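Subject: Structure for you to look at

Hello,

Here is the structure I said I would pass on. My notes on it follow below.

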Amino acid sequence: MGIGFLLIAMVLSVFAARLVQLQAVDPGSYAQLAAAEGTVQVMLPAARGEITDRNGDPLAESVDGTMIVADPHVTSDHATELARFLTRRLDVDYADTLAALRAEDSRFQYIARQVPTSKAEDVVADAGDEGYPGLFTENDPLRIYPNGDVAANVVGFLGTPEADGSAHALAGLEDRFNEYLSGTDGEARYQMGAGNQIPLGDHTVTPAVDGHDLRTTIDRDLQWYAQRVLQQTVEGAKGESGIAVVMDSRTGQLLALADYPTYDAADPQEYDSSLYKSSALTDVYEPGSVEKALTLSSLIDAGLATPRTRLKVPGKLYRQDRPIGDYWDHDTLRLTLAGVLAKSSNVGTVLAADEFKPGQLRKYLTAYGLGKRTGVGLGGETRGILPRGAAWTDQVDDRISFGQSLSVNAVQMAAAINAIANGGVRVDPSLVMGSATLDNGTTIGTGQTTERRVISERAAHQTMLMMERVVDPDAGVAPRAAVAGYRVAGKTGTAQRVGDECACYDGSTTVSFAGFAPADDPRFTVYVVVHDPVAGSGGGSVAGPAFSQLMSYALRRYGVPPTGKKPNQIPVEW
Amino acid sequence: MSSTAPQVRSRLPRVAPRTAQAAVQRARLTVVPRGRTRAPRVPFVTLVSLILLGGVIGLLLFNTSMQQASFQATALERQASDLGARQEALEMDLQALRDPARIARAAQRQGMVIPTSAGILDLGTGAISGAAEPAAGAPLPLAPPAAQRPSFLDPAPVRVRVPAAVGSSGGSTATGNDQGNRGRNGAASPTR
């Protein structure tokens with residue numbers, strides 16, 4: 001009897017000791033172990049925001065992607081058959097797949113990444129049906145660029161995701177707005193039994209916060225057309241590269257920003273990484289005669305000239321260091337200021353610009369936005385080179401008046417010409433609709449643009465009249481830039497170009513044409529630049545026709561009717 | 001005054017002797033005989049059993065239906081995600097069809113060109129403005145230029161000059177083709 005009680009007491013004290021151990025010593029970890037049994041934790045990936053054009057058509061979008069992974073312990077037995085099956089169904093390499101399926105000392109090998117989910121599920125299910133187990137799928141979001149090279153220079157692209165699944169942005173807006181687009185991943189935790197969720201089980205969900213969509217000001221179809229026209233133009237002129245900018249005159253929104261050559265955002269690894277940029281913003285060049293429109297409009301605004309101001313223009317102008325000449329040989333001409341612009345006379349421009357007080361031209365050019373970044377949102381933008389202080393010598397002053405010895409980027413120049421189109425008010429160019437925050441914390445977009453008056457409305461109007469003479473078949477140098485039925489104002493540019501190798505003027509040129517239409521009620525400003533075309537090309541003959549095509553397409557696409565007025569006939573000679 | 005009290009006392013039994021007797025009779029307590037009648041137990045037990053059984057079965061059914069619903073929820077969720085993936089795939093197809101490059105290719109195959117001018121008809125006044133002309137000019141290049149691969153993906157061919165093998169077969173009768181073959185063999189295995 002006593003022995004029996006003793007036995008019971010001993011057994012009970014063992015239980016008690018175990019109870020104390022479970023409940024008093026570290027009860028938390030046991031509770032966690034119990035909870036983890038059957039608990040499933042799932043990451044809810046945040047959808048990356050779309051990048052769309054101004055009409056909402058996607059330029060970059062995210063779809064539910066999936067990665068297919070293999071467990072080599074299971075797959076090595078039937079590796080050859082499975083590799084053949086996978087090569088047939090997926091875009092994968094046979095040898096690589098076979099090696100992955102046979103990998104030793106591994107339980108996890110990537111077979112294919114960023115496959116559309118429906119396809120991946122089908123492939124894995126079919127593999128299972130054919131008797132090849134050992135394949136699994138995991139979430140692997142996929143970014144697609146449905147338009148290939150259209151606006152690739154602006155949109156950029158994502159590389160292979162990081163190990164934790166987060167996006168790895170490599171270029172363009174994707175890179176600059178990475179945080180804005182990314183969003184925050186969520187998490188779901190619930191208890192599973194036999195493949196089904198246990199009702200009344202623990203169930204907590206932290207929803208994912210999706211990334212913001214980014215709407216650009218780009219018009220996809222116009223962008224496509226601009227890229228193709230630019231390609232045709234550059235290839236036709238055997239040029240090295242080219243840029244085309246289409247801007248809404250009233251709002252400064254960039255409707256198209258085309259670079260040639262560019263790359264395919266859907267297949268970027270096929271291209272050299274030096275193309276992963278928008279050269280319209282990153283590359284500087286000397287604008288040449290297009291800049292004369294800025295010089296002469298400033299003169300008119302300062303009250304130092306009118307379109308009818310008479311100038312005697314000699315064939316050569318001997319100044320301090322070297323003679324200044326025109327692109328064509330001539331004796332002394334009697335040109336009005338309008339004639340100087342229409343015929344693009346360097347000598348005439350220098351003579352007219354002599355009226356400026358020191359520093360006055362620089363002030364105007366700064367107000368036009370030269371020498372300052374446009375900040376439209378793409379990375380690596382250059383601010384251009386506008387000499388200052390002692391670097392602005394008399395010789396430099398002469399050359400700057402006709403567009404040499406200063407450097408710009410294409411968007412700067414388009415925005416400056418657009419100020420003339422917009423009645424003398426410069427609007428900041430923009431590439432993003434509304435407002436969006438860059439990764440560096442700056443908020444940009446059409447909601448943040450500022451306006452400032454550069455020249456008077458009257459000066460802008462008179463400059464427009466002079467620029468209209470440029471496309472006149474008799475008076476001007478660029479009749480091929482005209483758009484049938486519309487009044488067009490523009491300016492050609494043929495600049496000496498600094499070569500890459502010698503860092504000096506190597507005889508190559510940059511030809512360009514900037515203009516706006518309808519001249520008396522501007523809606524679009526178009527700027528076309530071609531670097532290093534075949535010798536003998538000019539802004540009017542190479543960039544002019546491209547300008548005409550782009551302008552005509554834009555006017556038609558947006559249903560802008562002609563104003564029905566006749567082009568002006570200001571005299572170009574006296 | 002002293003005569004009034006006996007009068008009242010004598011009058012009382014006279015007024016209600018019978019009712020008083022009845023009252024007394026009623027007031028006398030007697031022992032009630034022990035009740036031998038028992039309520040039947042069976043209905044009660046049945047009722048309780050039924051309630052218990054009903055509760056258990058109900059709970060079981062409820063649980064089962066919840067499980068069933070959970071199975072269904074899981075299946076439906078899977079179906080929803082499948083359909084979502086299908087929708088995304090279809091939207092991708094749609095985007096591919098709306099690609100301006102594809103539309104332009106299709107249009108150009110039918111002989112269309114993008115015009116450079118347009119006439120505009122004002123529906124209000126019926127006035128025609130603009131200068132519409134037949135579209136002309138070279139068709140646009142529709143394919144983007146081919147990728148220029150980075151130099152490391154497209155290395156220059158390696159040329160190895162091999163000294164002419166002395167006493168090779170054929171001698172003067174060797175054709176150009178033979179020599180070419182020999183050159184390639186030599187280049188492929190310069191260490192031989």
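The largest nonpolar core has 133 residues, and those touching the most other members are A:Ala244, A:Val245, A:Val246 and A:Leu550. A nonpolar core here is a set of buried Ala, Val, Leu, Ile, Met, Phe, Trp, Tyr and Cys residues joined through C-beta atoms within 7 Å; buried is 20 or more other C-beta atoms within 10 Å of a residue's own, exposed 12 or fewer, partly exposed in between, with C-beta atoms placed from the backbone. Helix 17 (residues 410–421) of chain A supplies the largest share of this core, 10 residues. Helices (H or I, at least four residues) and strands (E, at least two) are DSSP runs numbered from the N terminus. A separate core of 19 residues includes A:Leu86, A:Ala100, A:Leu101 and A:Ala120.

This is a predicted model: local features need pLDDT of at least 70, side-chain atom pairs count only at pLDDT 80 or more, and totals for chains, interfaces and linings use all residues. Residues are numbered from 1 along each chain as its sequence is written, and chains are lettered from A and ligands numbered from 1 in the order in which they are written.

On helix packing: the axes of helix 10 (residues 220–236) and helix 19 (residues 539–557), both of chain A, come within 10 Å and cross at roughly 165°. Axes are lines fitted to C-alpha atoms over the stretch in contact, with angles from 0 to 180 degrees between N-to-C directions. Among the residues of helix 10 of chain A that meet helix 19 of chain A are A:Leu222, A:Ala226 and A:Thr233; on the helix 19 side they include A:Leu550, A:Ala554 and A:Arg557. Contact means C-beta atoms, placed from the backbone, within 7 Å. A:Val246 is in contact with A:Leu222, A:Ala226, A:Leu550 and A:Ala554, among others, leaving aside neighbours within four places in sequence.

Helix 12 (residues 292–301) of chain A is mostly covered, with 10 of its 10 residues buried. Among these buried residues are A:Lys292 and A:Asp301. A:Gly303, which follows helix 12 of chain A, has a positive phi, near 75°.

Between the chains, 36 residues of chain B are in contact with 37 residues of chain A. Helix 3 of chain B gives the most to the chain B side, with 15 residues.

Regards

Note on methods. Contact = placed C-beta atoms within 7 Å.
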